[in-house]
Each structure stands twice: as C-alpha cells, then as structure tokens.
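Please read this briefing with the sequence and the model side by side. The points below are grouped by topic.

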Amino acid sequence: MNPLILTVMLTGLGLGTTITFASSHWLLAWMGLEINTLAIIPLMAQHHHPRAVEATTKYFLTQATAAAMILFASTTNAWLSGEWGIQQMTHPFPITLITLALALKIGLAPLHSWLPEVLQGLELTTGLILSTWQKLAPFALLLQIQPTNPNLLISLGLLSTLIGGWAGLNQTQLRKILAYSSIAHLGWMILVLQFSPSLTLLTLIIYINMTFAAFLMFKLNNTTNINTLATSWTKTPIVTTLSPLILMSLGGLPPLSGFMPKWLILSELTKQEMGALATIAALSALLSLYFYLRLSYAMALTMFPHNLTTSAPWRFSHTQLSFPLAISISTTILLLPLTPTAVSLMPL
C-alpha cells in the first residue's frame with residue numbers, strides 16, 4: 001500500500017477512536033465508530049485475496065448492522081426521554097439494544113460468529129489492529145453508559161468465557177485461536193463491568209499488551225497454523241524460548257502478568273457473593289489454558305523433521321523491528337508484582 005494512503009488510513013483509525021472517546025452525544029459517538037470502521041476496511045482488503053475480500057465484506061456488514069442498531073437505540077432514547085447524552089440513558093429498552101449492538105461490535109458471544117472468520121482472512125498485522133485497537137471505542141461507550149441490566153451482562157460474559165474456551169479447543173489456525181482467545185478475555189471483562197469498571201479497564205490494557213506480544217511473535221516467525229510452529233527453533237530460538245511464557249500469560253497462569261486480572265476479577269465476584277459464577281469462570285479458563293498448552297508444545301517441544309544431522313551455522317537476519325516485541329514480552333511476563341500498585345490506584 002502507498003505510504004501516503006496508509007498514513008491517511010491509520011490517521012482515520014486514530015481520529016475515529018478519539019472522536020468516540022471525546023464525545024458525550026450519541027451522534028458524535030456513532031460518527032466516530034463509523035470513521036473507525038471505514039478506515040480499517042482498505043487495510044483489510046489491501047492484498048486483494050479472495051479470503052481477505054470475503055473477511056472485509058463480513059466485517060463491513062457486521063459493523064454496519066451494529067452501527068444501525070446504535071443509531072436506532074439512541075434515536076429511541078431521544079424520543080422517550082428527550083436526551084441525546086451518552087450518560088443520560090434512562091429507559092431500559094435502548095440501553096439493552098445499545099449493549100447488544102456494542103457486544104456485536106466487539107464480538108461477544110453469542111454475537112461472536114463473525115470474529116474468527118474475519119480474523120482468519122486477514123494478515124497478522126491487520127488482525128492485530130482488529131483485536132486490539134478496534135475494541136477501544138466500543139469499550140469506552142460501555143464504560144460510559146454503565147448498562148443497568150445485570151443479567152444481560154452476566155449472560156454475555158459467561159457465554160463468552162465458555163464459548164471462547166470451548167470453541168478454541170479443536171482449532172489448528174493461529175488466527176482463529178487468537179480470535180477465540182479474544183472472545184474469552186472479553187467475557188472476563190464484561191463479567192466484572194457492573195461491579196468494578198476500573199478493573200475492566202485494567203483487564204483490557206493487559207489483554208491488549210498480551211495480544212500484541214502474541215501477534216508480533218507469530219509475525220516474526222511468519223506462522224499461521226500449529227504445524228509451522230515447529231520451525232520456530234531454527235528461525236528465532238530466543239523468542240521461541242520465551243513464547244510458552246507469553247502463551248501461559250494469555251491463559252492466566254501464575255506467576256505471569258495474565259494471572260493478575262483473572263485473580264482480581266475472581267476476587268471481586270466472590271466479594272459480590274457470586275461464588276458459583278466465579279467457579280464457572282475459573283473452570284472456563286482451563287479450557288483456554290489447554291489450547292495455549294497445545295501451542296506451547298508445538299512451538300517449544302517439537303522439532304521440524306529434517307534429514308540433516310547437523311544444524312545450519314547461519315540464520316537469515318530479520319528485517320522486522322524487534323524492540324516493540326521485546327517491550328511487550330517483558331510486560332506480558334513481569335507485571336504481576338505490580339498488582340498491589342494497580343489495586344491501590346483503582347477507585348473504590
């Protein structure tokens with residue numbers, strides 16, 4: 001893609017998200033979401049591959065449906081209450097409709113079926129943007145409206161954690177596995193949204209950091225399925241050594257950074273006398289942990305079959321930037337000791 005066009009598209013992505021962040025009026029928030037959607041579509045379809053075009057079409061239709069629902073719900077709210085403000089949603093019907101529309105935008109179960117198919121058709125860099133940056137604007141709206149239907153949020157969160165773990169068990173494509181991982185992590189965030197919005201924000205930040213490290217790791221090795229992970233030793237031995245730690249952090253295994261949000265969320269659910277919900281969420285994390293273990297085994301404990309008895313004394317040098325990967329790996333692995341600081345900074 002032409003660098004000038006790429007700059008315009010990335011600027012549009014940033015502008016759309018910023019407009020949604022700064023808006024207090026539903027029309028401005030809707031406009032920011034639309035700019036965001038229209039800016040990423042050329043990035044998704046830039047390779048003119050049939051799968052990329054199919055994924056772009058699916059994404060556009062899904063996001064257009066969600067945007068229409070948001071516009072209809074905000075208009076309904078203005079008709080019922082006379083207010084267009086985001087934080088002035090009073091009637092339960094538009095609040096429920098907007099919550100479902102935002103759930104469709106970010107890919108929460110049972111509105112998730114588009115996300116794995118879309119992510120599978122994209123290259124890893126565009127998939128990284130879709131899995132991280134594109135979640136920010138809808139989550140900003142969810143944090144502002146504070147949905148008043150707790151049963152809806154608990155249902156969305158619990159279904160997302162279960163489906164995200166269960167559906168990822170039989171996958172061999174890395175992008176689909178990361179898509180189901182995204183669904184499961186978003187479910188954890190939604191579970192605790194009504195009790196502690198600051199904890200939801202902390203979980204989102206750590207999820208973005210871990211996903212950033214995972215996508216960059218797969219991009220550095222140029223792998224898109226489990227079978228090709230076995231060649232990682234001959235390409236990047238140091239990154240391959242650290243890769244199980246990244247994947248275990250995504251699974252929420254102590255003493256890695258990914259354990260922090262799950263631990264705090266389970267603690268918060270227990271404080272709210274939701275022990276059964278916390279137990280089911282913790283068990284669903286074991287499902288996700290299983291397919292992260294599959295990836296770790298394929299990447300670090302298997303070798304690609306070859307007929308030579310000696311290893312090659314040379315290796316192609318990588319042209320990709322490794323500094324962002326180094327920073328994201330460090331924070332993915334080493335943030336758990338900062339848990340007391342994070343807890344102290346969260347408003348009560």
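## Briefing

At 2% relative accessibility, Pro 116 counts as buried, where buried means under 20% relative accessible area, exposed means over 50% and partly exposed lies in between, with a 1.4 Å probe and protein chains only. This is a predicted model, in which local features need pLDDT of at least 70 and side-chain atom pairs count only at pLDDT 80 or more, while totals for chains, interfaces and linings use all residues. Residues are numbered from 1 along each chain as its sequence is written, and side-chain values use heavy atoms, with hydrogens and water left out.

**The annotated span**

- An unreviewed UniProt entry carries the annotation "domain: NADH:quinone oxidoreductase/Mrp antiporter transmembrane" for residues 23-287; UniProt positions are given in the numbering used here, feature names are shortened, and annotations may be inferred rather than shown by experiment.
- Across residues 23-287 the content is 74% helix and 0% strand, and the end C-alpha atoms of the span lie 38 Å apart; helices (H or I, at least four residues) and strands (E, at least two) are DSSP runs, numbered from the N terminus.

**Surroundings of Pro 116**

- Pro 116 lies in helix H5, and, leaving aside residues up to four places away in sequence, Pro 116 touches Lys 176, Ala 179, Tyr 180 and Ile 183, where contact means heavy atoms within 4.5 Å.
- Although Pro 116 and Ser 181 are 65 residues apart along the chain, their C-alpha atoms are separated by 9.9 Å.

**Salt bridges**

- Side chains of opposite charge can pair when their charged atoms come close.
- The structure holds 2 salt bridges, a salt bridge being a side-chain nitrogen of Lys or Arg within 4 Å of a carboxyl oxygen of Asp or Glu.
- One of them joins the side chains of Lys 176 and Glu 117, at 3.5 Å from N to O. Lys 176 belongs to helix H9 (residues 174-191) and Glu 117 to helix H5 (residues 114-120), so the pair ties together parts that are 59 residues apart in sequence.
- Within this pair, Lys 176 is buried, with a relative accessible area of 18%, whereas Glu 117 is partly exposed, with a relative accessible area of 37%.
- A salt bridge also links the side chains of Glu 54 and Lys 58, at 3.0 Å from N to O, and both residues lie in helix H3 (residues 50-81), 4 residues apart, which is about one turn of the helix.
- Glu 54 counts as partly exposed at 42% relative accessibility, and Lys 58 counts as partly exposed at 30%.

**Helix packing**

- The axes of helix H2 (residues 26-44) and helix H6 (residues 124-131) come within 10 Å and cross at roughly 160°; axes are lines fitted to C-alpha atoms, for helices over the stretch in contact, and angles run from 0 to 180 degrees between N-to-C directions.
- That angle makes H2 roughly antiparallel to H6, given that angles under 35 degrees count as roughly parallel, over 145 as roughly antiparallel, 65 to 115 as roughly perpendicular and the rest as oblique.
- The contact between these two helices is made by Ile 40, Leu 43 and Met 44 of H2 together with Thr 126, Ile 129 and Leu 130 of H6.
- For helix H1 (residues 3-22) and helix H7 (residues 136-145), the axes come within 9 Å and cross at roughly 5°, and H1 and H7 are therefore roughly parallel to each other.
- On the H1 side the contact is made by Thr 17, Thr 20 and Phe 21, and on the H7 side by Leu 136, Ala 137, Ala 140, Leu 141 and Gln 144.

**Backbone details in loops**

- Ala 109 and Pro 110 are joined by a cis peptide bond with an omega of about 5°, and Pro 110 is placed in the loop between helix H4 (92-106) and H5.
- A cis peptide bond with an omega of about 5° also joins Pro 254 and Pro 255, with Pro 255 lying in the loop between helix H12 (237-251) and helix H13 (259-271).
- His 48, in the loop between H2 and H3, has a phi near 60°, a positive value in a residue other than glycine, and His 48 is exposed, with a relative accessible area of 67%.
- Asn 222 is not a glycine, yet has a positive phi of about 55°; Asn 222 is found in the loop between helix H10 (197-221) and helix H11 (232-235), and at 64% relative accessibility Asn 222 counts as exposed.
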